[in-house]
Amino acid sequence: MMKPAERARFSQHLAGCPACQRRLDAITALGQSLRAMPSPQLGLDLAAQWNDRLNGSLDDRLRAPPQGSRPVRPWSAGSGWLGWMPAGLAGGLALVSGIWLGGLLLGGGAATVPSAGLVRVFDPVPPGALCAAAELCHLSKGMP
């Protein structure tokens, strides 16, 4: 919302500016037509469905397992060390790539500094040119 001083300045400008008045009328009409549009009915209640699913899965987890059975843990598809193999492989890969990238940063890898000859591409005189500046190449005939 605007402060009273801003609202007064706005109203004063609006009274003297027909372009702004037309724009405000168009925006007001658009807002009224949008509010007048009917709200579509989905035919289903998504919130109730999600609540039912969430409550149902929570009830399944809280329900006690039958007598004499062990709860199944999803991460223990394999028994013992086989269940930890994916995590171990990911950790090893992260360690090896970290060591390799660290070696590149310390200069032990393929990162090298370009030679000075490669930087000559940015010289103002093109390669093979005999003149340092274009004005020197076009000397008049009167000069020795």
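A residue counts as partly exposed when its relative accessible area lies between the 20% under which it is buried and the 50% over which it is exposed. The views below show a predicted model.

**View 1. Cys17 and Cys20 as a pair without a disulfide.** A disulfide requires two cysteine sulfur atoms within 2.5 Å, and the count by this rule is zero disulfides. Cys17 takes part in none, the nearest cysteine sulfur being that of Cys20, 3.4 Å away. Likewise, Cys20 is in no disulfide, and the nearest cysteine sulfur to Cys20 belongs to Cys17, at 3.4 Å.

**View 2. A nonpolar patch on the surface.** Five residues, Leu42, Leu44, Leu46, Trp50 and Leu54, make up this patch. Together they present about 550 Å² of accessible area.

**View 3. Leu46 within the patch.** Leu46, one of the residues of the nonpolar patch, is located in helix 3, which covers residues 46-62. Its relative accessibility is 43%, so Leu46 counts as partly exposed.

**View 4. Confidence in helix 2 and helix 6.** Among the elements of the protein chain, helix 2 (residues 18-36) has the highest mean pLDDT, 93. The lowest mean pLDDT among these elements, 60, belongs to helix 6 (residues 134-137). For the protein chain, the mean pLDDT is 75, and 56% of the residues reach 70 or more.

Note on methods:
Residues are numbered from 1 along each chain as its sequence is written. This is a predicted model: local features need pLDDT of at least 70, side-chain atom pairs count only at pLDDT 80 or more; totals for chains, interfaces and linings use all residues. Side-chain values use heavy atoms; hydrogens and water are left out. Patches are made of residues with over 30% relative accessible area and no salt bridge: like charges are joined within 9 Å, nonpolar side chains (Val, Leu, Ile, Met, Phe, Trp, Tyr) within 5 Å. Accessible areas come from the Shrake-Rupley method with a 1.4 Å probe; for residues, only the protein chains shown count as cover. A salt bridge is a side-chain nitrogen of Lys or Arg within 4 Å of a carboxyl oxygen of Asp or Glu. Helices (H or I, at least four residues) and strands (E, at least two) are DSSP runs, numbered from the N terminus. Buried means under 20% relative accessible area, exposed over 50%, partly exposed in between (1.4 Å probe, protein chains only). pLDDT is the predictor's confidence in each residue, from 0 to 100.
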